[in-house]
Amino acid sequence: MTSTAPGPQTAVPDLRPPSEQAGRIEAHGIDHVPEQERHGRPRELFSVWAAANVNYLCLVIGGALVLMGLTLLQAFTVIVVGNLFWALVGLLAVSGPASGTPSSVITRTMYGIRGNRVNTAITGWAICLCYVSLNLSAAAIAAFSLLRKAGIEPDTGVKIATVTAIAAFTLAISVYGHATILKLYLPITLVLVAVFAVVGVSVLRHAHWDYAPAEPLHGGPLWASLLGGFALVASGPLSFNNGADFARYLPPTTSPKQVAGWTALGGFVPSVVVTALGTLAGTAIDMTDPQTALEGILPGWFTPVFLVSLVVGAVAINAMTTYSSGLALQAVGIRIRRSLSVVVYGILAVALTLYALLVSDFLDTVSNVLQLTVVLLGPGMAVYATDILLRRNRYDGPALMDETPGSAYWYTGGINRAGVAALVTGTAAAVLCVSTELYTGPLARAAGGLDLALPVGMLIAAALYATLMRRHLPSPGSPVSRTH
């Protein structure tokens with residue numbers, strides 16, 4: 001008789017290549033990831049995006065909505081509607097498993113090999129450098145407060161050492177790359193959720209649910225604040241056109257709906273909750289200095305934990321941004337290893353941050369400039385999303401890696417005129433309609449200060465790109481597009 005007793009149990013081997021295991025430096029850069037090296041599940045993307053959005057910046061944005069004169073209902077509406085742009089981030093992420101390449105390579109289909117280098121240098125590198133500097137500065141300020149509570153006065157030397165230490169930890173995560181990010185971000189998410197839950201309890205205890213602005217807004221001023229708040233909230237998800245970077249290791253047969261859904265939820269849920277907490281906090285405390293004001297309503301024992309969480313949250317979002325920016329530097333055409341490109345990027349971010357903290361009030365200028373980035377990021381995301389829909393998410397990864405003249409995405413002289421025209425036209429339209437403290441476009445002034453840059457720029461860019469590109473794309477039944 002054949003025995004029915006189970007045989008010796010053996011561990012299921014990890015089929016991931018050594019370089020795609022947590023704790024090992026990722027070998028891949030912008031190169032195509034072969035199907036045999038694809039692995040993972042879409043739900044892993046939730047914690048990646050959640051860890052980056054349970055953060056201090058969302059609290060600040062929520063408080064800013066109150067300072068803009070909005071009621072609670074108006075602010076909550078703006079928060080939900082503005083964060084709906086996470087659906088676009090999810091849509092962009094589906095191109096990762098389809099192509100096996102990062103976003104900065106996929107956009108070659110939209111702008112051509114050479115055109116994409118310019119676009120990536122601006123949106124995927126320079127603008128991201130400003131965001132990294134701002135987040136690193138916020139983390140450093142929290143760390144300085146923590147040092148003071150420990151009896152250490154942060155002089156210039158201590159500040160330099162602190163910023164460098166935070167940056168070094170951030171860069172370490174980015175250098176190790178994709179697998180390490182997936183491994184670390186679930187526990188980081190859980191820790192940050194626990195910390196912000198305590199913050200939430202304190203905020204809810206002090207919040208004034210019957211809050212009303214001292215001078216309620218009506219008519220034009222109300223619409224100006226609503227649209228300005230909408231653009232401020234939407235600038236968060238619009239700054240993430242790199243969803244494919246973290247989804248490209250998933251098998252090509254992975255459900256696009258699941259990739260889009262887990263990515264979007266990972267950004268939407270924490271952003272809405274934490275930003276709403278910031279709005280509620282604004283009804284009870286002065287959110288012009290959120291960190292100090294929040295410390296006043298938190299339990300004394302918890303304040304150091306809160307400060308540490310601000311540093312961890314900034315590290316989480318910066319590690320993702322720095323990782324993608326390292327890929328972007330390669331996509332620009334600089335022949336450099338991904339790990340080294342991350343280090344170069346980190347050194348520049350540290351230098352910019354130290355200049356901002358020690359030399360000037362440069363952060364204020366950068367903050368104002370970032371308010372204007374939606375005029376470029378909005379149309380850029382619209383073009384990307386439109387391309388995915390037009391191609392039905394069919395991308396040829398190996399063809400995307402061919403940068404030679406005559407390749408599938410060389411177009412005319414290395415430039416896809418349709419994509420460049422759509423992006424430039426959409427951005428120009430947005431510039432005419434934007435309204436910020438730094439600059440107000442002529443159409444925005446004519447409309448009484450209403451900021452319509454986001455919807456106008458995105459709609460024009462998407463419509464023009466769809467019109468110009470439709471004749472170049474293959475029929476629905478044909479294989480992956482190889483437009484020349």
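Asn393 has a relative accessibility of 16% and therefore counts as buried; buried means under 20% relative accessible area, exposed over 50% and partly exposed in between, with a 1.4 Å probe and protein chains only. The residue sits in the loop between α17 (374-391) and α18 (397-400). Helices here are DSSP runs of H or I with at least four residues, strands are runs of E with at least two, and both are numbered from the N terminus. Phi of Asn393 is near 55°, a positive value in a residue other than glycine. Most residues other than glycine have a negative phi.

Tyr411 likewise has a positive phi, near 55°. Tyr411 lies in the loop between α18 and α19 (417-433), and it is buried, at 14% relative accessible area.

This is a predicted model, in which local features need pLDDT of at least 70, side-chain atom pairs count only at pLDDT 80 or more, and totals for chains, interfaces and linings use all residues. Residues are numbered from 1 along each chain as its sequence is written, and side-chain values use heavy atoms, without hydrogens and water.

The protein as a whole has 21 helices and 0 strands. Its radius of gyration is 23 Å, close to the 23 Å that the globule rule gives for 484 residues, so the protein is as compact as a globular protein of that length. The radius is taken over C-alpha atoms, and the rule is 2.2 Å times the number of residues to the power 0.38. The C-alpha trace spans about 75 × 65 × 50 Å along its principal axes. Of the 484 residues, 55% count as buried.
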